[in-house]
Amino acid sequence: MSMSDRWVDAEFEIIFREHYPRIVRVVRRVLQRDSEAEEVCADVFLRLYKKGPEVAASGLVGGWLYRTATRASIDVIRANQRRGVEEELEGNEFVPVDVHAESPLAGLLRQEHIAEIRGVLAKLKLDKAQLLL
């Protein structure tokens, strides 16, 4: 590994401090559990550290972190579903889950879709937007 492939600690710390709050909010919104969200975020930043500074040099570190965190969150949801674990409390007590309730991932995707539609409607003239509604 050459010197250009290694992080300067101060450089990584700046990126971490700048992006961690937003990434942890995204992961918490998807997983709806603080303990798992912090684990996923730690894993995402570890992946970034291992990847090396070329991600930061590309200028796309924020998008890379967001995409990696979202995918890692989805992986956690899938793993939990495979194990049949939906809600686990500290005492290893299981709480029954409403199977008809919207999953966190579905809710996030629905919110993003609504925001996208609102953005398109905002670009239309008022009379044309009202026709669609």
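This is a predicted model: local features need pLDDT of at least 70, side-chain atom pairs count only at pLDDT 80 or more; totals for chains, interfaces and linings use all residues.

Residues are numbered from 1 along each chain as its sequence is written, and side-chain values use heavy atoms, with hydrogens and water left out.

**Whole chain**

The chain has six helices and zero strands. Helices (H or I, at least four residues) and strands (E, at least two) are DSSP runs, numbered from the N terminus. Along the sequence the pattern reads α-α-α-α-α-α. The chain has 133 residues, and 29% of them count as buried. Buried means under 20% relative accessible area, exposed over 50%, and partly exposed in between (1.4 Å probe, protein chains only). The chain exposes about 9700 Å², and carbon and sulfur atoms supply 55% of that area. Accessible areas come from the Shrake-Rupley method with a 1.4 Å probe; for residues, only the protein chains shown count as cover. Among contacts between residues at least 6 apart in sequence, 62% join residues at least 24 apart. Contact means heavy atoms within 4.5 Å.

**Two helix pairs**

H1 covers residues 9-31 and H4 covers residues 61-83. H2 covers residues 34-51. Axes are lines fitted to C-alpha atoms, for helices over the stretch in contact, and angles run from 0 to 180 degrees between N-to-C directions.

| Pair | Axis distance | Angle |
|---|---|---|
| H1 and H4 | 10 Å | about 30° |
| H1 and H2 | within 9 Å | roughly 145° |

H1 and H4 are therefore roughly parallel to each other. Angles under 35 degrees count as roughly parallel, over 145 as roughly antiparallel, 65 to 115 as roughly perpendicular and the rest as oblique. H1 passes H4 in a right-handed crossing. The crossing of H1 and H2 is right-handed. A crossing is left-handed if the near helix is turned anticlockwise from the far one by less than a right angle, and right-handed if clockwise.

On the H4 side, residues of H1 including Ile 15, His 19, Val 26 and Val 30 meet residues of H4, among them Leu 65, Ala 69, Ser 73 and Ile 77. By class, this contact of H1 with H4 has 12 nonpolar, four polar and one charged residues. Ala, Val, Leu, Ile, Met, Phe, Trp, Tyr, Cys and Pro count as nonpolar, Asp, Glu, Lys and Arg as charged, and the others, Gly among them, as polar.

On the H2 side, residues of H1 including Phe 12, Phe 16, Tyr 20 and Arg 28 meet residues of H2, among them Glu 38, Val 40, Cys 41 and Leu 48. The contact of H1 with H2 divides into 14 nonpolar, one polar and five charged residues.

**Single residues**

His 19 lies in H1. It counts as buried, at 10% relative accessibility. Beyond residues up to four places away in sequence, His 19 touches Phe 45, Val 61, Gly 62 and Leu 65.

Cys 41 sits in H2. Its relative accessibility is 0%, so Cys 41 is buried. Leaving out residues up to four places away in sequence, Cys 41 touches Tyr 20, Ile 23, Val 24 and Val 27. Cys 41 and Tyr 20 are 21 residues apart in sequence, and their C-alpha atoms are 7.6 Å apart.

Gln 32 belongs to the loop between H1 and H2. Gln 32 is not a glycine, yet its phi is positive, about 60°. Its relative accessible area of 56% makes Gln 32 exposed.
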